[in-house]
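Please keep the structure open beside them.

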Amino acid sequence: MSVTRIVGLVLVAVGIVALLWGGVFWTDRDTVVDAGPLQIQTENTEGFAVPPVLGGIALVAGIIMVLIPSRRRV
């Protein structure tokens, strides 16, 4: 498998994630108070949003890179 196809597959995966979820997000939990049986925690959702246009561009570019035949030197 050539490097071009691997990069194409990565772009396809990134494009699908960007279109389905709108980016990559995760939840960060921190314990504020831990006094015996009493625990108070906070939840913060963090991440970064990817515009759907960029996700579509990444998806199309990845498909093109996967489908274009590799050129071999003679």
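1. **Confidence.** This is a predicted model. The mean pLDDT for the chain is 88. Of the residues, 93% score at least 70. Helix α2 has the highest confidence, at 92. Strand β1 (residues 23–35) has the lowest, with a mean of 88.

2. **Helix pair.** How do α1 and α2 cross? Their axes make an angle of roughly 150°. Helix α1 covers residues 3–21, and helix α2 covers residues 52–67. The two axes come within 7 Å. Angles over 145 degrees count as roughly antiparallel, so α1 and α2 are roughly antiparallel to each other. The crossing of the two helices is left-handed.

3. **Contact residues.** Which residues make this contact? On the α1 side they include Thr4, Arg5, Val7, Gly8, Leu11, Val12, Gly15 and Leu19. On the α2 side they include Pro52, Gly55, Gly56, Leu59, Gly62, Ile63 and Val66.

4. **Make-up of the contact.** By class, 14 residues in the contact of α1 with α2 are nonpolar. A further 6 are polar, and 1 is charged.

5. **Valine 3.** This residue lies in helix α1. Is valine 3 buried or exposed? Its relative accessibility is 65%, so valine 3 counts as exposed. The cut-off for exposed is over 50%. Valine 3 and proline 51 are 48 residues apart in sequence. In space, their C-alpha atoms are 26 Å apart.

Methods. Residues numbered from 1 in each chain as written. Predicted model: local features only at pLDDT ≥ 70, side-chain atom pairs only at ≥ 80, totals over all residues. Heavy atoms only, no water. Axes fitted to C-alpha atoms, helices over the stretch in contact; angles between N-to-C directions. Helix = DSSP H or I, 4+ residues; strand = E, 2+ residues; numbered from the N terminus. Parallel < 35°, antiparallel > 145°, perpendicular 65-115°, else oblique. Left-handed = near helix turned anticlockwise from the far one by under 90°. Contact = heavy atoms within 4.5 Å. Nonpolar A, V, L, I, M, F, W, Y, C, P; charged D, E, K, R; others polar. pLDDT = per-residue confidence, 0-100. Buried < 20%, exposed > 50% of the residue type's maximum accessible area, 1.4 Å probe, protein only.
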